Amino acid sequence: MSTPTAPEYPDKIDGAVLKIAGVVVLGAIMSILDITVVNVALPVFQTEFATSPDEPVAYSTVAWTVTAYTLALATVIPLTGWAADRFGTKRLYLLAVALFTAGSALCAAAGSIEMLIFFRIIQGLGGGMLMPLGMTIMTKAAGPDRMGRLMAILGIPMLLGPILGPILGGWLIENQSWHWIFLINVPIGIGAIAYAFWALPNDSAAPSESLDLVGIALMSPGLALFLYGVSTIPEAGTILDAEVLLTMLAGVALIAAFVRHSFRPEHPLLDLRLFKNRNLTASTLTMFLFAAAFFGGLLLVPTYFQQVRGESTLDAGLLVAPQGLGAMLTMPIAGALADKFPVGRIVPFGLVTIIAGMFAMTQIDADTSYTYLIAVLFVLGLGMGGTMMPIMTSALKTLKHHEVARGSTLLNIVQQIASSVGVAIMAVVLTNNLKDSALAGPATATWKDPALVDKLGGEAVVQQGLSQAADAFAGAFMVAAILVTLTLIPAYFLPRKKDESKLVDQGEAAPPVVMH
């Protein structure tokens, strides 16, 4: 009986592979841009969905447009591998793009903040499958020897997303309306479906692992209930409020049940048994604290520019761009260094850079120099680029080949959950801090309107309100700075001696890491 031979791949990147890469890059651009494009729209949502001009929607509520999307990503990522085997990668990819496109159209038509949050979940369920599916498709098309060069192509949307997302969102809101940050995905999505249908090769379904339905039923509701409880703290005024406490406890109970359940099935939704690996555990803890602090804190920046400095959405997006530029500079350098040196000697430098940037942001006020702010954001970007890739590399490097796919999924889930937790925490802190500000009602750049100035009590009152609002943002950045500082504790346990990689064993190449 003959044994199947591995497919042969040409050495050069040929047109057939580039055609498929175009499909994957297009999907990645849609998914990644939509994570950042909404950030500049949060103050707009506060007023657009307000019941009256003097009562904007609470910031902790509109922040759920971000939290719901990232929670949906976290929910769908571990399902993607099972679904790709069950339905085939091409059909699932077409379904993911269609779901994302339909979710985008629904978001644009939302008539209330509750509807928008619900439709963001639909959008996230489609967007969450695009990146892992794209990586699977590229691995099959390119083969192991060409993945490094193709990852450079696929890295473009990952690097440009934090830069172009806020700028694009700001431009669309300023020149069209907030609806267009979602509507723009519709023609792109339709084009992506047609392109994918033509470019992707047909593949057959081959069902393999069983789906952990119990894990799904426990994890997603548990996280949603816990974060909902956190987000209602400002409205309730105390964590001891019955609605807050009972919701959070119910969420914690479901999460605890999920953790206990995950050690039972052969193929759990998340393989927590991998935490027996010391490097994976240290990297995951470091990733969780880092992502919660960094992405939660970064969400506040465009809102500060709009609410305190009175900038337009477009200018706020442009002012946030230096963070992405900083990450673009250091991310490839850190990735190369992680191949040569132990990550325990690389990551602390990135974390210290972020800590310095976050503490610098605690010094902002109502008239802080833009030169200072741009420099600090650039420094934060440098630290982010020098931290993210080495942490991911450290986590996966010492896993065996058959563990890498599950380890990559686990890390991505942790990153998305941490981002959701960070956004919820920072939104709660900021909302609570803003309660005493004179601008707590009209929390938009419309404080420049002379009629509103007179209504608030004159220029002196407005200036006092702006100062109080700036202090509220500075206090939220202090929380982020403390969280990043705590990240140094698990980072201390990252490997400081060079370990031999186990990513390639039994003559096979490891699949690439999926990042959002």
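**Helix packing and selected residues**

Tutor: Among contacts in the chain between residues at least 6 apart in sequence, 84% join residues at least 24 apart, where contact means heavy atoms within 4.5 Å. The model is predicted, so local features need pLDDT of at least 70 and side-chain atom pairs count only at pLDDT 80 or more, while totals for chains, interfaces and linings use all residues. Residues are numbered from 1 along each chain as its sequence is written, and side-chain values use heavy atoms, with hydrogens and water left out.

The chain has 21 helices and zero strands; both are DSSP runs numbered from the N terminus, helices being H or I with at least four residues and strands E with at least two. Of the 516 residues in the chain, 54% are buried. Buried means under 20% relative accessible area, exposed means over 50%, and partly exposed is in between, with a 1.4 Å probe and protein chains only.

Two packed helices are described by the angle between their axes and the distance between the axes. Axes are lines fitted to C-alpha atoms, for helices over the stretch in contact, and angles run from 0 to 180 degrees between N-to-C directions.

Take H4 (residues 64-87) and H10 (residues 213-231): their axes come within 11 Å and cross at roughly 165 degrees. H4 is therefore roughly antiparallel to H10; angles over 145 degrees count as roughly antiparallel, under 35 as roughly parallel, 65 to 115 as roughly perpendicular and the rest as oblique. The crossing of H4 and H10 is right-handed. A crossing has this hand if the near helix is turned clockwise from the far one by less than a right angle, and is left-handed if anticlockwise. On the H4 side the contact includes Trp64, Leu71 and Leu79, and on the H10 side the residues include Met219, Leu223 and Tyr228. By class, the contact of H4 with H10 holds 10 nonpolar, four polar and no charged residues. Ala, Val, Leu, Ile, Met, Phe, Trp, Tyr, Cys and Pro count as nonpolar, Asp, Glu, Lys and Arg as charged, and the others, Gly among them, as polar.

H13 (residues 278-307) and H15 (residues 347-361) pack at about 35 degrees, with axes 12 Å apart. Their crossing is left-handed. Thr286, Phe290, Ala293, Phe294, Gly297 and Val301 in H13 meet Leu351, Ile354, Met358 and Met361 in H15. This contact of H13 with H15 has eight nonpolar, two polar and no charged residues.

H15 also carries isoleucine 355, buried at 11% relative accessibility. Leaving aside neighbours within four places in sequence, isoleucine 355 is in contact with Val484, Thr485 and Leu488. Its C-alpha atom is 9.6 Å from that of threonine 487, 132 residues away along the chain.

Aspartate 271 is buried, with a relative accessible area of 5%. Its side chain makes a polar contact with the side chain of arginine 273 at 3.2 Å; a polar contact is a pair of N or O atoms within 3.5 Å, where within protein one must be able to donate a hydrogen and the other to accept it, and residues adjacent in sequence count only if both atoms are side-chain atoms. Beyond neighbours within four places in sequence, aspartate 271 is in contact with Arg406 and Leu410.
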